[in-house]
Amino acid sequence: MGLWILEACRKEWAARGLDVDYESLLAPDDSAGPSETLIYPDDSRLFNPPSMLDAIASQVTERGHAAPTEPQAGTRMILDSLALRYASVLRMIESLTCQRIEGVQIVGGGSKNDYLNRATAKASGLPVLAGPVESTVIGNVLVQAVAAGRFSSLAEARRHVSNNIPIKSFEPNKSDEWRNAADRYAAIEARYTGVE
């Protein structure tokens, strides 16, 4: 799962007449630390529910908490939960491959979400590179450019992109607040995966 959860909530918030402008939703206060309320983003109830807000509320109330009712707080809960899930998956990949992951690169539309990228760096303890936004288009053009002889290899084409397309960098700055959030998130995730 990913930003689909947020998009479904935005649609419902908009229908209720609430502000769903990305600028206001994606500007949560970093100094506030991670959300106190977290969700397990891969809960099957969140795949395509009739109401995403109701599905989230159902998951959260099962643990005796109340789901945020204000869009910015809900956005922060979703993004922090996604960042913690990404961190969990990265640890799982390291465990399965016996190889250390050195960093994360977010491409496509998610690369424009600075809050999520910062949260991912904090949750994972890894540097996050964000961009390019139009990665699919760039990849298609590169393959065609290599085939047409513009570049001698895919490696040369990739170097060209890395030298000419700006990438944002987010450094990890894991705090006690994020470590505590990771522990709280792990307990939530264990309820769904059975893995502690």
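Q: Given that contact means heavy atoms within 4.5 Å, what covers the buried residues of helix 6?
A: In this predicted model, the cover over the buried residues of helix 6 includes helix 7 (154-164). The residues being covered are Ile138, Leu142 and Ala145, and they lie on the same side of helix 6 because the arc they take up around the axis is only 65 degrees.

Q: Which exposed residues does the face of helix 6 turned away from its buried side carry?
A: That face carries Thr136, Val143, Gln144 and Ala147, and these are called exposed because the word stands for a relative accessible area over 50%.

Q: How do you know whether the span of helix 6 agrees with its number of residues?
A: Helix 6 (residues 135-147) has 13 residues, which at 1.5 Å a residue should span 18 Å, and since its end C-alpha atoms are 18 Å apart, the two values agree.

Q: Why is Trp4 called partly exposed?
A: Buried would need a relative accessible area under 20% and exposed one over 50%, and Trp4 has 38%, so it is partly exposed. Trp4 belongs to helix 1 (residues 4-15), and together with Met1 and Phe47 it makes a nonpolar surface patch of about 300 Å².

Q: What do the buried residues of helix 1 pack against?
A: They pack against helix 2 (22-25), helix 3 (52-61) and helix 4 (71-97); among these buried residues are Ile5, Leu6, Arg10, Glu12 and Trp13.

Methods:
Residues are numbered from 1 along each chain as its sequence is written. This is a predicted model: local features need pLDDT of at least 70, side-chain atom pairs count only at pLDDT 80 or more; totals for chains, interfaces and linings use all residues. Side-chain values use heavy atoms; hydrogens and water are left out. Helices (H or I, at least four residues) and strands (E, at least two) are DSSP runs, numbered from the N terminus. The expected span of a helix is 1.5 Å times one less than its number of residues. Buried means under 20% relative accessible area, exposed over 50%, partly exposed in between (1.4 Å probe, protein chains only). The arc is that of the directions from the helix axis to the C-beta atoms. Contact means heavy atoms within 4.5 Å. Patches are made of residues with over 30% relative accessible area and no salt bridge: like charges are joined within 9 Å, nonpolar side chains (Val, Leu, Ile, Met, Phe, Trp, Tyr) within 5 Å. Accessible areas come from the Shrake-Rupley method with a 1.4 Å probe; for residues, only the protein chains shown count as cover. A salt bridge is a side-chain nitrogen of Lys or Arg within 4 Å of a carboxyl oxygen of Asp or Glu.
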